[in-house]
Amino acid sequence: MAGVANGSFYTLFIPNNAAIQKAVNEGFLPGTGTAPNKVPNFNPASELERQQVVRFIQYHILDKRNIGADGVESGAMTTVLKNNLGEATTIFVNNTRGNLLLSDMNARTANSIPANSNLLANRATIHLIDNYLQFIY
């Protein structure tokens, strides 16, 4: 995926199934049908829809940061997603012991789900979240 390099540190925020359905219904991910029961399109044919998925994923990845819900590091953090001018986009992370509260550029919030968070991968930490994050282009 563009923007993700081997050997770098990342934090991935993965929206749960309900959040993905919400993103599809609200038009931030491709789907067919009408809300509230749109069907996610897991293999979009158009380049526009493929780029929509890539941007969605990139905005849910912190760039060069490996954050756990340990209460240590909070603040505005850059994501892998770049805007049309090539500048990094940000999300705000409020890190308390046991929970991460995320705020996007639209003041939408998402909480980490502790039972399915702080999962370690190769140079990355993965957190399940209860909402999706919305970027502004």
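A charge is said to sit over a ring if NZ of Lys or CZ of Arg is within 6 Å of the ring centre and within 35 degrees of the ring normal. By this criterion Arg 108 lies over the face of Tyr 132, at 4.2 Å from the ring centre, and the charged end of Arg 123 sits over the ring of Phe 9, 5.3 Å from its centre. The model is a predicted one, in which local features need pLDDT of at least 70 and side-chain atom pairs count only at pLDDT 80 or more, whereas totals for chains, interfaces and linings use all residues. Residues are numbered from 1 along each chain as its sequence is written, and side-chain values use heavy atoms, with hydrogens and water left out.

The structure holds three aromatic pairs. One of them is the tilted pair of Phe 28 and Tyr 132, with 5.7 Å from centre to centre and 45° between the planes. Because Phe 28 lies in the loop between helix 1 (17–25) and strand 2 (31–32), while Tyr 132 lies in the segment after strand 10 (124–129), this pair ties together parts that are 104 residues apart in sequence. Helices (H or I, at least four residues) and strands (E, at least two) are here DSSP runs, numbered from the N terminus. Phe 56 and Tyr 132 form a tilted pair as well, at 5.9 Å centre to centre and with 35° between the planes. Phe 56 belongs to helix 2, so its pairing with Tyr 132 ties together parts that are 76 residues apart in sequence. Through such ring pairs, Phe 28, Phe 56 and Tyr 132 are linked into a cluster.

Burial was assigned from relative accessible area (buried under 20%, exposed over 50%, partly exposed in between; 1.4 Å probe, protein chains only).

A nonpolar core is a set of buried Ala, Val, Leu, Ile, Met, Phe, Trp, Tyr and Cys residues joined through side-chain atoms within 4.5 Å. In soluble globular proteins, nonpolar side chains tend to be buried together. The largest core of the model has 15 residues, and those with the most contacts inside it are Phe 13, Leu 62, Ile 91, Val 93, Leu 100, Leu 102 and Leu 133. Strand 5 (75–82), strand 6 (88–96) and strand 7 (99–103) each supply at least two residues of this core. A second, separate core of five residues includes Ala 23, Val 24, Phe 56 and Tyr 132. When neighbours within four places in sequence are left aside, Phe 13 is in contact (heavy atoms within 4.5 Å) with residues including His 60, Leu 62, Ile 91, Leu 100 and His 127.

Two strands are taken to pair if DSSP finds at least two bridges between them. Strand 5 and strand 6 run antiparallel and are joined by five bridges, with Thr 78 standing opposite Thr 90 of strand 6. These two strands form a hairpin with five residues between them, and Gly 86 in the turn has a positive phi of about 85°. Strand 6 also pairs with strand 7 in the antiparallel sense over five bridges, Phe 92 having Ser 103 as its bridge partner in strand 7. Two residues separate the strands of this second hairpin, in which Gly 98 takes a positive phi near 95°. In a regular strand the side chains alternate between the two faces of the sheet. In strand 6, Thr 89, Ile 91, Val 93 and Asn 95 make up the covered face, while Ala 88, Thr 90, Phe 92, Asn 94 and Thr 96 make up the uncovered one.

A salt bridge is a side-chain nitrogen of Lys or Arg within 4 Å of a carboxyl oxygen of Asp or Glu, and the count comes to five. Among them, Glu 47 and Arg 50 meet at 2.9 Å, N to O; being three residues apart in helix 2 (residues 47–59), they are separated by about one helical turn. Asp 104 forms a salt bridge with Arg 108, the closest N and O atoms being 3.9 Å apart, and both residues are buried. Glu 26, Asp 104 and Arg 108 are linked in a network of salt bridges.

Technical notes: Phe/Tyr/Trp six-rings, centres within 6.5 Å; stacked < 30°, edge-to-face > 60°.
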